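Reader: I want a close look at a single part of this protein, and then how the rest is arranged. Please keep it brisk.

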Amino acid sequence: MRHSAINLDVDACTSCMICARECPAWCITIDAHHEAVPDCDARRPRTVAVLDEFAIDWGLCMYCGMCIESCPFDALSWSDKRVSESLSRTDLVSAWGLDGDR
């Protein structure tokens, strides 16, 4: 049985990692780096997390939707697309990069 995939809105993702922490199967990995935000009146330098890569391992995913429900920025949603069938574990990982492509 094939399940609906989860879609990522790269522009809405803040790399807060809440979805990865809430996932009971630990199938989400997020790589991010911090960049300084220019602010001349700040006492301390302010930084924001910038998404480098977001990946879901469909071989581990339970399709429970906890990641979608826990995202405070609505960056995750159910997709109309289905997870493709594969005989290889490496083909069961979907990754989004800086360009937003999977």
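Where is Cys67 found?

Author: Cys67 is found in helix H2. Before the details, a word on the model. It is predicted, so local features need a pLDDT of at least 70 and side-chain atom pairs count only at pLDDT 80 or more, while totals for chains, interfaces and linings use all residues. Residues are numbered from 1 along each chain as its sequence is written, and side-chain values use heavy atoms, with hydrogens and water left out.

Confidence comes next. pLDDT is the predictor's confidence in each residue, from 0 to 100. The chain averages 84, and 79% of the residues score at least 70. Helix H1 (residues 18-22) has the highest confidence, at a mean of 97. Strand S5 (residues 93-97) has the lowest, at 69. Where pLDDT is low, the predicted coordinates should not be read in detail.

Now the layout. The chain has 2 helices and 5 strands. These are DSSP runs numbered from the N terminus: helices are H or I with at least four residues, strands are E with at least two. From the N terminus on, the order is β-α-β-β-α-β-β.

Back to Cys67. Its relative accessibility is 7%, and Cys67 counts as buried. Buried means under 20% relative accessible area, exposed means over 50%, and partly exposed lies in between, with a 1.4 Å probe and protein chains only. Leaving out residues up to four places away in sequence, Cys67 touches Ile6, Cys19, Ile28 and Leu76. A contact here means heavy atoms within 4.5 Å. The C-alpha atom of Cys67 is separated by 9.1 Å from that of Pro24. Those two residues are 43 apart along the chain.

A nonpolar core is a set of buried Ala, Val, Leu, Ile, Met, Phe, Trp, Tyr and Cys residues joined through side-chain atoms within 4.5 Å. The largest one has 23 residues. Leu8, Ile28, Phe54 and Leu76 have the most contacts inside it. S1, H1, strand S2 (28-37), strand S3 (46-57) and H2 each supply at least two residues of this core. Over the chain, buried residues make up 33% of the 102 residues. Among contacts between residues at least 6 apart in sequence, 69% join residues at least 24 apart.

What about disulfides? A disulfide is a covalent bond between the sulfur atoms of two cysteines. Here the test is a pair of cysteine sulfur atoms within 2.5 Å. The structure holds 0 disulfides. The sulfur of Cys23 has its closest cysteine sulfur in Cys27, 3.6 Å away, which is too far for a bond. For the sulfur of Cys71, the closest is in Cys16, at 6.0 Å, again too far. Cys23 is buried at 7% relative accessibility, and Cys71 is buried at 12%.

Aromatic rings are quick to cover. A search of the whole structure finds 1 aromatic pair. Trp58 and Tyr63 have ring centres 5.8 Å apart and planes at 10 degrees, so the pair is stacked. The rule takes rings of Phe, Tyr and Trp (its six-membered ring) with centres within 6.5 Å; planes under 30 degrees apart are stacked, over 60 edge-to-face, and the rest tilted. Trp58 is buried, at 7% relative accessible area.

Next, the backbone. Most residues other than glycine have a negative phi, and most peptide bonds are trans. Ser15 has a positive phi of about 60 degrees, although it is not a glycine. Ser15 sits in the loop between strand S1 (4-8) and H1. Ser15 is buried, with a relative accessible area of 7%. A polar atom of its side chain lies 3.3 Å from the backbone nitrogen of Leu51. Beyond four places in sequence, Ser15 touches Ile30, Ala32, Ala49, Val50 and Leu51.

Asp74 also has a positive phi, near 55 degrees, and is a residue other than glycine. Asp74 lies in the loop between helix H2 (66-70) and strand S4 (76-82). At 62% relative accessibility, Asp74 counts as exposed.

Last, Arg46, which is found in strand S3. Arg46 is partly exposed, at 49% relative accessible area. The C-alpha atoms of Arg46 and Ala36 are separated by 5.7 Å, with the residues 10 apart along the chain.

How values were computed
Polar contact = N/O pair within 3.5 Å; in protein donor to acceptor, adjacent residues only side chain to side chain.
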